[in-house]
Amino acid sequence: MFQLLYDKIRLLFVKDKESYLLFYRLLGFYPRRMSYYKVALRHKSYHNRKGITLNNERMEFLGDAVLDAIVADIVFRHFKKQHEGKLTNIRSRIVQRDTLGKLAEKIGIPELLQKSSQPILTHNKFIYGNAFEALMGAIYLDRGYEQCMTFFKERIMDKYIDLEKVFHQELNFKSHLLEWGQKYKIPIEFRLVNQTPVNNSSDITFESEVLAGGISSGKGSGYTKKESEQKAAKEALTRIRNNKEFKQMLLSLNTETTEETQETPKTETPETETPKPEPLQPDAPAQETPVPETTQESTEADA
């Protein structure tokens, strides 16, 4: 309470009151060092007349680590009986690029982001997700870990993310495919097929292919290697689930499985259930007294 009163009094003596008020509506508190937040919301494409070159890439690096720690903390405390693998997958689903991009849109980051006036030939969710991470880095530098936790829990988790829903919808297609391969003793291999620059941008799209027993089973593309592998794995699992001939062809590669099937013809091979959730969608906030709203993979390209 005292801190809020102090910040309001301090606001009377700052020059750029409008910026402080904008960020107060976004964050729920007044910034102490505005420069952190301005850098966090400055895309590398932005250059003004003074030739500013400082952008949010370094802040994004810091915010990525802070966000991972905060989400891990929240997930660890919420799911007290879940094992490490499950917790990791839940955290990954919350901090994936697509989810962060949607959250950034929800909380109004696109309207505050400084970027080139020319069209940017990059996926918007990618840009907005990076800015969200950079904002977390700015909060950490300005107010510390506890304020980062408060902001994320009150402004993000409580309004847009239902952890129980994430728990039941959580899915790592690559892990499921690898588990399926281990179960039926069929080797699974992921290959990076292509890397394509996005026009005049420094961003790259990745194309991956998954081989099951040496047979091409799925392809996928994305703005990170991990995203492309996940999409390739999803396509492969869909084929295995829906195409019985394709599945039988893969199973025939394993002589042990074939022999078991011949010996016990009445027992069908257990179907590998492939969950089919939509990418994590931040929940709509509940109706409440007007408070400015604040908005689903693998950050910079995986090596």
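**Close-up views of a predicted model**

**View 1. A lysine sits over a phenylalanine ring.** Lys174 places its charged end over the ring of Phe190, 4.9 Å from the ring centre. The model is predicted. A second contact of this kind involves Lys86, whose charged end sits over the ring of Phe167, 4.9 Å from its centre.

**View 2. Helix H11 and its buried face.** H11 spans residues 173-183. Its buried residues are Phe173, Leu177, Trp180 and Gly181. Seen down the helix axis, they fall within an arc of 100°, so they line one face of H11. Their cover includes strands E1 (188-197) and E2 (204-212). Helices H12 (225-242) and H13 (244-251) also contribute to that cover.

View 3. Lys185 is found in the loop between H11 and E1. Its phi is positive, about 55°, although Lys185 is not a glycine. Lys185 is exposed, with a relative accessible area of 52%.

**View 4. The largest nonpolar core.** This core has 49 residues. Those with the most contacts inside it are Leu27, Tyr37, Ile94, Ile107, Phe132, Leu135 and Phe152. Helices that each supply at least two core residues include H2 (17-27), H3 (34-40), H4 (57-78) and H5 (84-95). H8 gives the largest share, nine residues.

**View 5. Leu27 and its contacts.** Leu27 touches Tyr37, Leu135, Ile139, Phe151 and Arg155. Residues up to four places away in sequence are not counted here. A second, separate core has 17 residues, among them Leu177, Val210, Ala236 and Phe246.

**View 6. Aromatic pair Phe23 and Tyr37.** The structure holds five aromatic pairs, and two are described in this view and the next. The ring centres of Phe23 and Tyr37 are 5.6 Å apart. Their planes meet at 50°, so the pair is tilted. Phe23 lies in H2 and Tyr37 in H3, so the pair ties together parts that are 14 residues apart in sequence. Both Phe23 and Tyr37 are buried.

**View 7. Aromatic pair Phe132 and Phe152.** This pair is edge-to-face, with 6.4 Å centre to centre and 75° between the planes. Phe132 belongs to H8 and Phe152 to H9, so the pair ties together parts that are 20 residues apart in sequence. Phe132 is buried, as is Phe152. Both residues are also among those with the most contacts inside the largest nonpolar core.

Technical notes. Residues are numbered from 1 along each chain as its sequence is written. This is a predicted model: local features need pLDDT of at least 70, side-chain atom pairs count only at pLDDT 80 or more; totals for chains, interfaces and linings use all residues. Side-chain values use heavy atoms; hydrogens and water are left out. A nonpolar core is a set of buried Ala, Val, Leu, Ile, Met, Phe, Trp, Tyr and Cys residues joined through side-chain atoms within 4.5 Å. Buried means under 20% relative accessible area, exposed over 50%, partly exposed in between (1.4 Å probe, protein chains only). Helices (H or I, at least four residues) and strands (E, at least two) are DSSP runs, numbered from the N terminus. Contact means heavy atoms within 4.5 Å. The arc is that of the directions from the helix axis to the C-beta atoms. Rings of Phe, Tyr and Trp (its six-membered ring) pair if their centres lie within 6.5 Å; planes under 30 degrees apart count as stacked, over 60 as edge-to-face and the rest as tilted. A charge sits over a ring if NZ of Lys or CZ of Arg is within 6 Å of the ring centre and within 35 degrees of the ring normal.
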